[in-house]
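Please examine the sequence and the structure shown below.

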Amino acid sequence: MTSASGNSTSLEILLSTLKSSHDVQSTLSILQILDELLSAGTFKRICYMISKGGSEALLHTLVNMTRIFPPNYNVLLPLMHLLVKVGQRDKRFGQKAQEIGAINETLNLLRHSIPEPKYVTPCLWVLKICASSVATGAALGKSGLLSLLFKLISPYTTRNTKAIRAATEALSALLKSKWNSRRAVDNGYTHCLLKLYQDWHQGDTRNKYISIHKALLNCIKNITNIQMGKEAFLKVDGMRVLLNTSQACGSSADLQPIVKLATQIIRKCCPKQCLPLLTVRSCYSFVLLNTADSQVLECPSKCPQEDVAVKEDDEEEDDEGSTENEEPGYNEDDDDLETDLKRLRPNPQLDRPVGELTQYERLCPELVGYFQDLDSVSGEQSSGQDNVSCSAFFTTSMPQRHEKPGEWPKDIIEEDFPAPHNSFRYIGPHQMAPASSDSGGESGSKWLMRNYQAPIQDSGRHPERPNGGGTLNPSKHKIKEMHMNMQMASTGSSKISLRFQDLQNVQGQSVAGEECSQLLSQSWTIDRAQKPQDAGRKLSEMLREMIPFHDPYVYTTMAEKTKSATDCKTLAFPDYWGHIAPLYQEPLTGQWCGHLRDKIFEDVRRLVNPGDILNRVIFDIESLSLLPSEEDVSLKFSSNFESGNLRKAIQVRKYEYDLIMNADINTDFQHQWFYFKISGMKAGIPYRFNIINCEKTNSQFNYGMQPVMYSVHEALCGRAHWVRVGSDIYYYKNHYCRASAAARDQKETSYYTLTFTITFLHSKDVCYLAYHYPYTYSTLMTHLQLLEESLNPDQIYFRHQILCSTLGGNKCPVITVTASPGSQPEQLHQFWNRQYVVLTARVHPGESNASWVMKGTLEFLVSNDPIARSLRDSYIFKIIPMLNPDGVINGCHRCSLSGEDLNRQWAEPNRDLHPTIYHTKGLLSYMRSIGKTPLVYCDYHGHSRKKNVFMYGCSLKETLWQARSSIDTTTLKEDIGYRTIPKFLDKISPAFAINRCCFLVQKSREATARVVVWREIGVLRSYTMESTYCGCTQGKYKGLQLGTRELEEMGAKFCAGLLKLKKDEWLCSKQLITEDEGLLDLDNELQNDRHTSHNDMSVDDEPPCPEEIDYYTDNCTEEDDDPIDLATEHNVSSEDELELKK
């Protein structure tokens, strides 16, 4: 028979004959034919035979042959060989065997065959396959097979190993039944199995019987799937047994399956613990008061711990809601896609009365007063003078350079802007509450402005501060802290030589010419006898020349005005001093394979040997009185500065520390962003840091990402860089969970550990560690002022205004950038008809990479680059660089002071709770109401679970296609212009990946900026641009982590991508692109590596971590059993006799 399909009738006749045959010789002949058929073909023949009733025929034959006494093993052995071969492919084999009555017959045959070793093993394999059905396994257990198998496998002996292996695997299959597992626990089999495993581990020194080791561990694994089994395992010290035996296995490749199984059991049985905190809720709170009814508003995220699910939502992150930001494939399926055409189709409409929108007229000063009849304008000009100055029609707010660094222009400071209906004061160390109405007859806006500008006196931590929010201390105290850091970092050397020859300007090009030679010749030497104040002043003066748009004194002035709910006491040195991108690029680290289990074992060792653990709290933000002594050699931690986040530090071992992040204010979740200071280290010693309350189920830290570090010592030596650091970086699930989850043994609320090791270069240095390159609110305000002061108002219109006040009393800036118009009527007409581009960023505070991209955008737009000039001549840019200042200031990851994700409030923003979103949407609505709907809207974000830079957009048709909607899309009209910018960026930006872009509209994203601006404002090109925290997998930056230089470059490239929209000037744009080869590098490699995709439904762009199965789940993952081949089992030597049990 050459094919089963061609002789189906013959096969059915053959099976029917076998099923009804009672003749031994006929049965044996048919079995031989079937064996030859199945041996010659693939498993497809077995499946075909099963479909024709092959399993039933063989089981009926087994029943018939076992009724012959004594048993004829000449027939039974080939029969069971076929049963095993077919049964492994038949998922219903156990159920069929039970229905036909073959179970009892096989059990009887097993008991009868015990004196003959070569007959026992085939019976055990058949029973093992039958037990793969849980119901059949339970029936077998009730028939006494459980106790029989335990007698067969114990005590330890190296005789009859094939039968012992078969018995152990059959026992493992039986223990998948909870009934059998409970019976095994009641009979004390847990201890027996552990003892047997120890004996095999110690006795099998040559590793000949690994399959038996593995089968025993599978038995233990199945028993511990029930709570009784876990308790019994812990009671007999199973954690210690498996830990010691696993560590003894070392790195032998042959033993890795054993170590893998043992590790799964250890992690599953590891007792759940609560975090070492009184409450997981943020140690800071912000009380919201509605002054209209004088009632405290309930915090939206205030809910019981047990009901708080870890929501990873990053769009738009990553999370990484999406967890990562808008990840369409993560925890979501096509059901989340919007298919209601009425809701899906853009329907621009105003969400508030037109009269209310007039307040935003002040944010468009470039338009106010200029929409007049051009004829009258031209008439006035013709009858008057030919060359009217620009100021006659156009006024700018460009200030001249001020003598005092950091002084704000008066017109910006005193500008009226929307203020929240409620004001605030600071109460105690952890709470902000509504301010008393002691401002007389002042309006809320004037009151806020007065208190914003007024110097804040240091009144300690606990007394009330009636004149403002919890604010930073005066600059003299912060500068003192900076000098202390400088002195500490320079301890041990008599002088510090600062050479700046390696520095670059912000465009990434070396300083050239006379200026370069002058800088290279400078060598600043600071003697110890020199006063710290003079040293700091001398250094900072030179630093201002090296870092464009940064001035430590201006930064200090801005920081004084910043209001914080966390009562920040100092300035972080990196933010004060500044950051210069290093000249080199930092590669992805790759996966640190092979050592993750070692880290896990070290964690488990804490539970097994608690006496070896220090467990010493050395930093607690809720107990600032906890100050280490001078003799203390442990590390010192601090996070009491802007954007800082570290709640608690616990010394576990001499050089190992557990760190706990603070939750976002008014929440008990969103743990991802960290930023803290370390001092007191020793050089050359590896320190291990474990951040133990991460929430996301995966992270780019598993795929090459490193945290960033800033060394004060290095900065004072001329290397003021944030650099990627750390080795042995892993991200895995730990044994901590929420309090209620620990009581209920819930899995979904577990925390994750980020562990990394750092070896510091300098002793007694002061270093700062962060999740990503920090970019604070004070840094932004400093950058905006210095940027504005550097511009020529006759060429560039740059207007810095205030959108509104935040809940915490901070100003949310809005920037207008365009080219100053000429004085001729046609020039003015062109100016009035420029289209708008609106850009926003940092709605999620932890996405600091978005701010670096925005920094690149701002600096490029005001540069002398020909493309930037062309863009200014064509568009008016409205930029809100930080939508969530309060979250940034207070070290939050995702939420504002209201405890809400602001990027989920765009549909119905609340004026009091979400002022920045409310007024940004109002500004967009106003622009639409006057016929100035933006051409492009883009919201900058960061993504924690994907590499490269990519975009999310909105497409009606692509959403319906992906959802497989029944709607006929051929009748729908849609402008495909939403793909123009992403396609162009894919060609000009080495970090951008078009194959990661997605243009689907999801129900879960309907309240995000991207979707609301597309649907309600009517902006076709409404995007979220996601920048990775990690690195790239393509093009020029393949295998490299993205630094601040690359992120700023991405901001510039986005601007250049807008050229594609200038259809009428495209030829000019092509010429500009040719001229600016440094910016638009169209290398062939970049283009050849790209493949366009309609959508990206994947979650992570990484393959599973090789050890991921061990550490990402508490429940052990079922693996396919090794295939059973009885051909070798028949060759049993005469010495391999089954040992009889008494």
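The paragraphs below consider salt bridges, then one aspartate, and then the cysteines.

The model is predicted, and it holds 28 salt bridges. One of them joins the side chains of Asp199 and Lys195, with an N to O distance of 3.0 Å. These residues lie four apart in helix H13 (residues 189–203), so about one helical turn separates them. Asp199 is buried, because its relative accessible area of 18% is under 20%. Lys195, at 41%, is partly exposed.

Asp351 is partly exposed at 34% relative accessibility, while Lys921 is buried at 1%. In a further salt bridge, the side chains of Asp728 and Lys599 meet at 3.9 Å, N to O; Asp728 is in strand S17 (residues 727–737) and Lys599 in helix H29 (residues 596–608).

Which contacts does the side chain of Asp765 make? Asp765 is buried yet has no salt bridge, and Arg719, the nearest side chain of opposite charge, is 9.2 Å away. Its side chain instead makes a polar contact of 2.4 Å with the side chain of Ser711 and reaches the backbone nitrogen of His713 at 3.0 Å.

Finally, the whole structure contains zero disulfides. For Cys1032, the nearest cysteine sulfur belongs to Cys1030, 8.9 Å away. Cys1032 is buried, with a relative accessible area of 1%.

Key
Residues are numbered from 1 along each chain as its sequence is written. This is a predicted model: local features need pLDDT of at least 70, side-chain atom pairs count only at pLDDT 80 or more; totals for chains, interfaces and linings use all residues. Side-chain values use heavy atoms; hydrogens and water are left out. Buried means under 20% relative accessible area, exposed over 50%, partly exposed in between (1.4 Å probe, protein chains only). Lys and Arg count as positive and Asp and Glu as negative; His and the chain ends are not counted. A salt bridge is a side-chain nitrogen of Lys or Arg within 4 Å of a carboxyl oxygen of Asp or Glu. A polar contact is a pair of N or O atoms within 3.5 Å; within protein, one must be able to donate a hydrogen and the other to accept it, and residues adjacent in sequence count only if both atoms are side-chain atoms. A disulfide is a pair of cysteine sulfur atoms within 2.5 Å. Helices (H or I, at least four residues) and strands (E, at least two) are DSSP runs, numbered from the N terminus.
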